[in-house]
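Have the sequence and the 3D view open, and let's begin.

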Amino acid sequence: MELRHIRYFLAIASEGSFTRAAEHLGIAQPPLSQQIKVLEEEMGTRLFRRLAHGVELTPAGTAFRTAIANVPDQVSNGVRLARRAAAGESGVMRIGVTGTAALNPLVPACIRAYKNKYPDVELQVMEANALVLTPALLEDRLDVALLRPSQSEPDTLNEEVLTDEPLLIALPASHILARRGTAIDLLELRDDPFILTPRSIGTSLHDASLKACEDAGFTPRLGPAAPHIASILTLVAAELGVSLVPESSLR
């Protein structure tokens, strides 16, 4: 049974006439009659009873009409939903964010704007470090991830820059440079221990911090490691060292 058979059947049932149904469908009457004959043969029963001025449904035809009356609308709706899903207007969007990226106001702004534009898309957000998010992208467990660039990222990922965010120096309030109240040259911290995320947890921030120090002309002396921005700042406040953190950490 084909969808056109159902459309033809419903048109005839609605018009009560093969002639009027053919005009409504924009086809000739003989092919329409032939297709209904094929449908009746497939079902093994007559669907229409011929009258002097048209046709009427048989009991089998009435039962069939009741069962399939909504099929064309369901198919049309299915096509519409499929096209919307293909265009990214419905379905599920799986987003990965790092803990530091989540602090950036651009991230919730992007998610909010996307949700407003595509309200029928279900958003699933996963927070993890880059070493977890990158494999999730490669294995199609995520559609997009918001993280800091790293030299270790595979070439198979497509990258799009959303924003450039500077690193800030985090100092204990008692540090002499913090009390000075003027701009700080990173080289001035060459003798301070640096509190960084372990590379096995926060590759991008770890590498960015090391590169900033190397660009300033020194290799940092490493202090205790901390896995998250909050713990980094706690150790800095405890005067165990200094650190480089994203500007969004101010939030």
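Where is L47 found? L47 is in the loop between helix 3 (29-43) and strand 1 (48-51).

## About the model

This is a predicted model, in which local features need pLDDT of at least 70, side-chain atom pairs count only at pLDDT 80 or more, and totals for chains, interfaces and linings use all residues. Residues are numbered from 1 along each chain as its sequence is written, and side-chain values use heavy atoms, leaving out hydrogens and water. Helices (H or I, at least four residues) and strands (E, at least two) are DSSP runs, numbered from the N terminus.

## Around L47

L47 has 0% relative accessibility and counts as buried. Buried means under 20% relative accessible area, exposed over 50%, and partly exposed in between, with a 1.4 Å probe and protein chains only.

Leaving out residues up to four places away in sequence, L47 touches F9, L39, E40, E56, L57, T58, A60, G61 and F64; contact means heavy atoms within 4.5 Å.

## Helix 1 against helix 5

Helix 1 (residues 3-15) packs with helix 5 (residues 71-86) at an angle of about 135 degrees, and their axes are 10 Å apart. Axes are lines fitted to C-alpha atoms, for helices over the stretch in contact, and angles run from 0 to 180 degrees between N-to-C directions. The two helices, helix 1 and helix 5, are therefore oblique to each other: angles under 35 degrees count as roughly parallel, over 145 as roughly antiparallel, 65 to 115 as roughly perpendicular and the rest as oblique.

L3, I6 and L10 of helix 1 meet V71, P72 and V75 of helix 5.

## Helix 10 and its cover

Helix 10 (residues 203-216) has 14 residues. Its buried residues are T203, S204, L205, H206, D207, S209 and C213. Among the elements covering the buried residues of helix 10 are helix 6 (99-103), helix 8 (130-138) and helix 11 (229-237). Just after helix 10, G217 has a positive phi of about 105 degrees.

E165 sits in the loop between strand 5 (144-146) and strand 6 (167-170). Is E165 buried or exposed? With a relative accessible area of 19%, E165 is buried.

The side chain of E165 reaches the backbone nitrogen of S248 at 2.6 Å. A polar atom of that E165 side chain also lies 3.4 Å from the backbone nitrogen of E247.

Note on methods
A polar contact is a pair of N or O atoms within 3.5 Å; within protein, one must be able to donate a hydrogen and the other to accept it, and residues adjacent in sequence count only if both atoms are side-chain atoms. The expected span of a helix is 1.5 Å times one less than its number of residues.
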